[in-house]
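Me: I would like to learn how to read the place where two parts of a chain meet. Could we go through it step by step?

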Amino acid sequence: MSDSRIASLPPSATVGDWVANYPETAEVFDMLQIDYCCDGTKPLENACWENGLEVIRVHSLLKHTVAQAGNKHETDWMHASLTKLCDEIEHTHHKLLKETLPLLSDMMAEVVSLHGESHESLHEVQQHFMNWRDDILGVMAEEERSLFPAIRELEAGGKPDACLRASLNKMIHRIQFNHEDIGKALKNARTASENFKAPCDACPKFAQMYGLLRWIENDVRHHVHKEESILFPRVRQSLNHAIGVNPGE
């Protein structure tokens, strides 16, 4: 990977752009607790300032991470087909959530029942979890039922008619609104759980629940990021191109 390609993203580039172009940097943002999905439009330098981090050090760390991963194969979702990207989200992220959310829900109900009196914050964690769980399940259902088929139709067909353009824009706008609520609930759950830190007297089930919650939350943020920073902008770009609109004009 050339230095020129790395240098093409300055500190003024958005956090979402970093992860969209270099997926390996997601681990850095995870470590620094910088939200790259729901706050993905925030410039890197602003995200650093808000988190009390030195921009130059974070920027250097990101460049180092990209250089280290230079030989690692990553699918270029910025240039893959829209159909392939929809398939990736549906078959990877949606499938994972459908399989793991019921398990986590049952596990959390059991832990709250056993430890809710001595650890009152568990009730708050559970409520925030149920909020984003229900929201994302609703979003996934709409994507599989309506949005993704429409995107596949857009890519397979010629010039989209007014009905398809309006439908796509409306669905994307609605899902982005839901993403904002999901992002807030994710942050609230993390805060209420003190960054998923199990207390000293936690039983193995308690610690396992927080470990699973952390793991699922991380995948949700990757999931939302792929839509907010890659899929949706590319769909809008395709719609503009189809009707001869240059977004830069």
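Me: How many residue pairs are in polar contact between domain 1 and domain 2?

Reply: A polar contact is a pair of N or O atoms within 3.5 Å, where within protein one must be able to donate a hydrogen and the other to accept it, and residues adjacent in sequence count only if both atoms are side-chain atoms. Between domain 1 and domain 2 there are 3 such residue pairs, both residues at pLDDT 80 or more. This is a predicted model, in which local features need pLDDT of at least 70 and side-chain atom pairs count only at pLDDT 80 or more, while totals for chains, interfaces and linings use all residues. Side-chain values use heavy atoms, with hydrogens and water left out, and residues are numbered from 1 along each chain as its sequence is written.

Me: Where do the two domains lie in the chain?

Reply: Domain bounds come from an automatic or database domain assignment, and here domain 1 covers 1–57 and domain 2 covers 82–242.

Me: How many salt bridges are counted between domain 1 and domain 2?

Reply: A salt bridge is a side-chain nitrogen of Lys or Arg within 4 Å of a carboxyl oxygen of Asp or Glu. The count between the domains is 3, and Lys 187 forms a salt bridge with Asp 35, their closest N and O atoms being 3.9 Å apart.

Me: What area do domain 1 and domain 2 bury between them?

Reply: Buried area is the accessible area (1.4 Å probe) that two parts lose on being put together, summed over both. Domain 1 and domain 2 bury about 970 Å², with 57% of it on carbon and sulfur atoms. Tyr 36, Cys 37 and Cys 38 supply 47% of the area that domain 1 buries against domain 2, more than any other three residues.
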